[in-house]
Amino acid sequence: MEILDSIDRNKLPRHIAIIMDGNGRWARERGEDRVYGHYEGVISVREIVNACGEIGIEYLTLYAFSAENWNRPKQEVDALMELLVNTIRKEIEDLKKNNVKLHIIGDFESLPAICQKELNEAKEITAHNTGLNLILALSYSSRQEIVEATRKIAEKVAAGTMKPEDIGFETFEQHLYTSAFPDPELMIRTSGEYRISNYLLYQLAYAELYFTNVHWPDFRKNNLIEALLNYQQRERRFGKTSEQIQTNTPQHA
Ligand code: IPE
Ligand code: IPE
Ligand code: MG
């Protein structure tokens with residue numbers, strides 16, 4: 001029996017969010033430049049995207065570059081931006097063929113013009129796909145996202161097009177970058193760091209968190225399946241008691 005068969009198809013998360021961490025350390029452990037780890041990390045991205053499509057996950061958000069990552073040495077930032085452009089160029093045909101729809105969240109305008117162009121084209125090419133929604137978090141800061149949402153709402157209130165009493169969870173969520181996506185039920189971080197690093201702070205409110213020591217370039221389909229099996233053993237209580245959950249069945253619905 002393939003390990004894939006042990007997954008309960010009725011208990012899948014709709015949305016998985018991943019912090020792809022550990023590329024630099026993976027490379028340094030091999031006596032290589034950090035950038036080598038980023039190159040190898042792309043192979044994991046390809047495999048995890050394909051696996052999610054195959055398993056039937058609807059949304060996959062990948063933290064590819066944080067707003068804070070701009071503070072890394074210029075040589076590494078440049079290499080990452082170049083890798084982004086080259087990867088999109090190389091993968092676009094497969095994304096199209098595999099019915100993957102590409103989305104971007106983050107401060108899009110802060111990306112180099114060439115990245116913006118390539119990403120816009122890729123978004124257009126995959127716009128009518130109906131399979132996996134692949135959401136890349138680029139130049140992403142969750143605090144920035146929350147502040148921006150607040151500002152947009154404040155502007156509407158000041159202009160008289162929205163009333164303060166109309167602001168609820170739903171209105172607020174409509175102003176986040178992620179307005180079109182459900183909240184992730186599962187968040188995975190690789191490479192043994194136990195932190196959120198300014199990722200989806202609002203959206204992860206009730207996500208199950210899964211941490212593994214495996215560095216991102218070593219994280220492959222079997223590691224994803226392991227994370228899913230672990231997720232499926234969790235009892236998601238949302239503030240209720242275990243007894244309540246067990247009598248009111250579909251907890252993953
Ligand atoms: C994740 O790996 C990729 C990015 C943040 C772009 P790192 O580059 O953070 O690798 P480590 O954590 O330094 O090993
Ligand atoms: C988070 O990883 C960002 C990405 C994976 C893109 P970092 O490696 O930048 O996070 P910290 O700085 O260790 O928290
Ligand atoms: Mg890191």
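1. What does helix H7 (residues 221-232) reach from its first C-alpha to its last? The span is 16 Å over 12 residues, close to the 16 Å expected at 1.5 Å a residue. That expected span is 1.5 Å times one less than the number of residues in the helix.

2. Some ground rules. This is a predicted model: local features need pLDDT of at least 70, side-chain atom pairs count only at pLDDT 80 or more, and totals for chains, interfaces and linings use all residues. Residues are numbered from 1 along each chain as its sequence is written, chains are lettered from A and ligands numbered from 1 in the order in which they are written, and side-chain values use heavy atoms, with hydrogens and water left out.

3. The chain holds eight helices and six strands. Both are DSSP runs, numbered from the N terminus: helices are H or I with at least four residues, strands E with at least two. Their order along the sequence is β-α-α-β-α-β-α-β-α-α-β-β-α-α.

4. Contacts (heavy atoms within 4.5 Å) come last. Of those in the chain with a separation of 6 or more, 75% join residues 24 or more positions apart.
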